[in-house]
Amino acid sequence: FFVLSTQPSSTGFTMAALNRPTEATYITHEEVTVDTADREDHTFCGIMFPVKCKDLLPLDHVVIHSVAVRGRLGPLTVWVSKEETNPRRGFRMNPKFWEKIYERTHGPSIRDYVELDLRSNPIYLKPGQTRAIYIHSTLPGDEAIVYDNRHSRKTYDDALVSILTGRAHVSTRVFGTNPIWGWGNPWRDHREFVGRLEYGAVYRLWNPAEFHNFGSKFQNAARTLFLCQRRWESPLSRLPDECIFYILNMCRWDWFKETPNDMKALRKKKKARAAAAAAAEARMEIDGAEAAAVATAAAVVSQATESSSAEGESGGATCCIRRSHQERGAESNGEDEEDGEEEYHAAREDESSNENEEEYLEEVDEDFEDEPEEEEEEEEEELDEDSDDPDWDSDDGYGANHEVFEIEDDDSDDEEDNAEISGNQGNRAWIHRQFARIHVLQALAALDDNGVEEMHR
């Protein structure tokens, strides 16, 4: 276990256990080949799709080695969004925000996928990072690259990466703004990548600082090793801590039969603990503020009551004066009420006549609107939903933003996170209700003595 490194030091050699790496020194731990669904819905000039690296496993990065497509192909180029691009703001449809990593001409391959080797310029993805891949052909016509309509929010999903819904390009120019027919929108949203993607995963290696990023089974194994080391009757007691660290450093995250589902459950527990702690802290703050507001309001009310009892005589005189003013006002308003009734009846007659006119106009409008609606329905039936007609409804992707590609991702790696989001929204609603109560109490406490006396009267 005392491994000597070949790196020289002041003493000649240093123990490898004291120089533990933080990530794998070899290229990849494993290779994964992704095959997407192939329904052959469309063919055109290009396809753009985002790839997200999940932050679920103790992963250092993912390396995409190649992509594969089919169609009549021709002169192909592959582009990837730059690392500094923020996917929350969308991917700009401008070449200066992208990097060209592949360029080559391929012959037609209608049925079989053709691999586009990216090993000379691989695509790196860090956990939680999303980058877009854009494959384009300058071949004239509309049969260069095969792609599909969107059938789900995610084209492909596993424990490491997700391929999200993309968009198609109907221009023979790279990032072109005019489609092949010369007018209209060159982009089509709600499209899916059809092909194959190969990537490798490089995992983080265990270190004391990375302890909580590994699964519960790995953590239990690490605790067991150190418990055995602390027992003098155990053979492991002869090893120093650095050697135990080195042994764990050489173990992969799943060597103790950890699964992605186990990691997902562990992450869910962590989020639940953090949410419970935040909710408890918020409730404590609200309870404290509410108690302070109630105490302040009670003090103000008691003080106002004492002052009103001391000034009872002056208050009675004021009430008499107010009653006299009210009686005078009632006499003057007697005549105004009669005039108001006449105006009210006249207004009702005008309203009834206006309503009759509006009903008549609505009937006339309906008669004129019936025939055009039937004609529009017939025209819509004649349109082919599977064609790339530029006049098709924007809901089918034809109203795409030609300047920015906005991805559809809720930052959740599993469906259970959506339930957590709704639960957090319920907690926020409860907090808002409590703050509303506090604001009412604070407003009551802010009333001055005159305001409280006026309220009692």
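Residues are classed as buried under 20% relative accessible area, as exposed over 50% and as partly exposed in between, with a 1.4 Å probe and protein chains only. By this criterion serine 137 is buried, with 0% relative accessibility. The model is a predicted one, in which local features need pLDDT of at least 70 and side-chain atom pairs count only at pLDDT 80 or more, whereas totals for chains, interfaces and linings use all residues. Residues are numbered from 1 along each chain as its sequence is written, and side-chain values use heavy atoms, with hydrogens and water left out.

Serine 137 belongs to strand E10 (residues 130–137); helices (H or I, at least four residues) and strands (E, at least two) are DSSP runs numbered from the N terminus. When residues up to four places away in sequence are not counted, serine 137 touches Cys45, Leu73, Gly74, Pro75, Leu76, Ala144, Ile145 and Thr172, contact being defined as heavy atoms within 4.5 Å. The serine 137 side chain also reaches the backbone nitrogen of leucine 139 at 3.2 Å. Cysteine 45, one of the residues touched by serine 137, is buried at 0% relative accessibility. The structure contains zero disulfides, a disulfide being a pair of cysteine sulfur atoms within 2.5 Å.

Strand E4 (residues 59–71) is mostly covered, with 13 of its 13 residues buried. Strand pairing requires at least two bridges found by DSSP between the two strands. E4 pairs in the antiparallel sense with strand E16 (residues 196–203) over eight bridges, and alanine 68 stands opposite arginine 196 of E16. Antiparallel pairing with strand E8 (residues 109–117) involves five bridges, with glycine 71 opposite serine 109. Strand E9 (residues 123–125) is joined to E4 by three antiparallel bridges, and leucine 125 is the bridge partner of valine 62.

A nonpolar core is a set of buried Ala, Val, Leu, Ile, Met, Phe, Trp, Tyr and Cys residues joined through side-chain atoms within 4.5 Å. The largest core has 55 residues, of which Phe49, Val51, Ile133, Ile135, Leu197 and Tyr199 touch the most other members. E4 supplies the largest share of this core, five residues. Another core, of 13 residues, lies apart from it and includes Phe91, Trp98, Ala132 and Trp187. Contacts of valine 51, without residues up to four places away in sequence, include Ile64, Leu125, Ile133, Val161, Ile163 and Leu197.

Aromatic pairs number 14 in the structure; rings of Phe, Tyr and Trp (its six-membered ring) pair if their centres lie within 6.5 Å, and planes under 30 degrees apart count as stacked, over 60 as edge-to-face and the rest as tilted. Phenylalanine 218 and phenylalanine 256 form an edge-to-face pair because their ring centres are 5.1 Å apart and their planes stand at 85°. This pair links distant parts of the chain, 38 residues apart: phenylalanine 218 lies in helix H1 (residues 216–229), and phenylalanine 256 in the loop between helix H2 (241–249) and helix H3 (260–310). Phenylalanine 218 is buried at 0% relative accessible area, whereas phenylalanine 256 is partly exposed at 29%. A cluster linked by ring pairs comprises Trp79, Phe91, Trp98, Tyr134, Phe175, Trp187 and Phe405.

In H2, the buried residues are Cys243, Ile244, Phe245, Tyr246, Leu248 and Asn249. These buried residues pack against H1.

Notes: Polar contact = N/O pair within 3.5 Å; in protein donor to acceptor, adjacent residues only side chain to side chain.
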